Amino acid sequence: MKSFKKVLALVLAVTALFSFTSCNVDFASMLPDTREPVEVEKPDFDTQKVTYKDFTLELPASWEKTGAADGSDLLVYKPSDAKDGGSTFNLSIEATDLQKYTLVKFRDAMTKSLPQQVAELFPDAGISEFTYSDFRAPCGEVFVAEYTVTQPDGTVIAYTQFYPLINYYFVLITAENKGEGAAPEVSEVARYAANTLALQEK
């Protein structure tokens, strides 16, 4: 339950950050993307289409939905044979009235704020250095943050977080890897989810 609360708290903190800094949005983000479409390779696992709020995405067919332990509407999936408290895939999508940030501005804001937010959420834990990357998905640019948290009891959790940059939505996909050898690996699942995330036509 504690890990779910930590993820939800981080979602709320980062959402608030971008809600209160909307004046920094670059109007270049409103221009249409004229680059070639992105082709997504099929994974080496069977998939299922999942609908969440205004979006669809694909996850492993063998994974099952489980309710967030904190009672939130966070979308949570895990391997069907996983034990309670094991690795999970979490997705949060919040509608906003904001244009998306450009990747450069989003990276700048996140590299300045995310380490502090994580440190505040895990005050008694050891936190690794943060690494950042990005890639282009069919839905647009995706910012990626990776770090590891070592709890006082020795539990090690590797977090990989994907932030697809989409107009009028704040999206956070989180892979929590607790090292029990989930297959397919949870960060691979999360990356594929980001690559298949699509806004439903209304």
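Me: How many salt bridges does the count come to?
Reply: The count comes to four salt bridges. A salt bridge here is a side-chain nitrogen of Lys or Arg within 4 Å of a carboxyl oxygen of Asp or Glu. The model is predicted: local features need pLDDT of at least 70, side-chain atom pairs count only at pLDDT 80 or more, and totals for chains, interfaces and linings use all residues. Residues are numbered from 1 along each chain as its sequence is written, and side-chain values use heavy atoms, with hydrogens and water left out.

Me: Which side chain meets Lys-53 in a salt bridge at 3.1 Å?
Reply: That is Asp-73, with 3.1 Å from N to O. The pair links distant parts of the chain, 20 residues apart. Asp-73 sits in the loop between β3 (63-65) and β4 (75-79), and Lys-53 in the loop between β1 and β2. Strands are DSSP runs of E with at least two residues, helices are runs of H or I with at least four, and both are numbered from the N terminus.

Me: What about the phi of Lys-53?
Reply: It is near 55 degrees, a positive value in a residue other than glycine. Tyr-168 has a positive phi as well, near 70 degrees. Tyr-168 is in the loop between β9 (156-166) and β10 (169-177). Its relative accessible area is 40%, so Tyr-168 is partly exposed.

Me: Back to salt bridges. Which residue pairs with Arg-107?
Reply: Asp-134 does, with the closest N and O atoms 2.7 Å apart. Asp-134 is in strand β7 (residues 131-137) and Arg-107 in helix α2 (residues 103-121). They are 27 residues apart. Asp-134 is partly exposed at 35%, and Arg-107 is partly exposed at 27%.

Me: And where do Lys-112 and Asp-108 lie?
Reply: Both lie in helix α2, four residues apart, about one turn of the helix. Lys-112 counts as exposed, because its relative accessibility is 60%. Asp-108 is partly exposed at 39%. Elsewhere, salt bridges that share partners join Lys-53, Asp-73 and Glu-94 into one network.

Me: Zooming out, how many helices and strands are there?
Reply: Three helices and 11 strands. Along the sequence the pattern is α-β-β-β-β-β-α-β-β-β-β-β-α-β. Of the 202 residues in the protein chain, 44% are buried.

Me: Which residues touch the most other members of the largest nonpolar core?
Reply: Leu-57, Phe-89, Leu-91 and Ile-173, in a core of 27 residues. Helix α3 (residues 186-196) gives the most to this core, with five residues. A nonpolar core is a set of buried Ala, Val, Leu, Ile, Met, Phe, Trp, Tyr and Cys residues joined through side-chain atoms within 4.5 Å. A second, separate core of 20 residues includes Tyr-101, Leu-103, Phe-130 and Tyr-163.

Me: What is Ile-173 in contact with, leaving aside neighbours within four places in sequence?
Reply: Its contacts, meaning heavy atoms within 4.5 Å, include Phe-89, Leu-91, Phe-162 and Pro-164. Among the others are Ala-190, Ala-193 and Ala-194.

Me: New topic. How many aromatic pairs does the structure hold?
Reply: It holds 13. Rings of Phe, Tyr and Trp (its six-membered ring) pair if their centres lie within 6.5 Å; planes under 30 degrees apart are stacked, over 60 edge-to-face, and the rest tilted. Phe-55 and Tyr-169 have ring centres 4.8 Å apart and planes at 85 degrees, so they are edge-to-face. Phe-55 is in strand β2 and Tyr-169 in strand β10, so the pair ties together parts that are 114 residues apart in sequence. Phe-55 and Tyr-169 are both buried.

Me: Which residue forms a stacked pair with Phe-130?
Reply: Tyr-132, at 6.3 Å centre to centre and 20 degrees between the planes. Phe-130 is buried at 16%, while Tyr-132 is partly exposed at 24%. Phe-130 and Tyr-132 belong to one aromatic cluster, along with residues including Tyr-101, Phe-106 and Phe-170.

How values were computed: Buried < 20%, exposed > 50% of the residue type's maximum accessible area, 1.4 Å probe, protein only.
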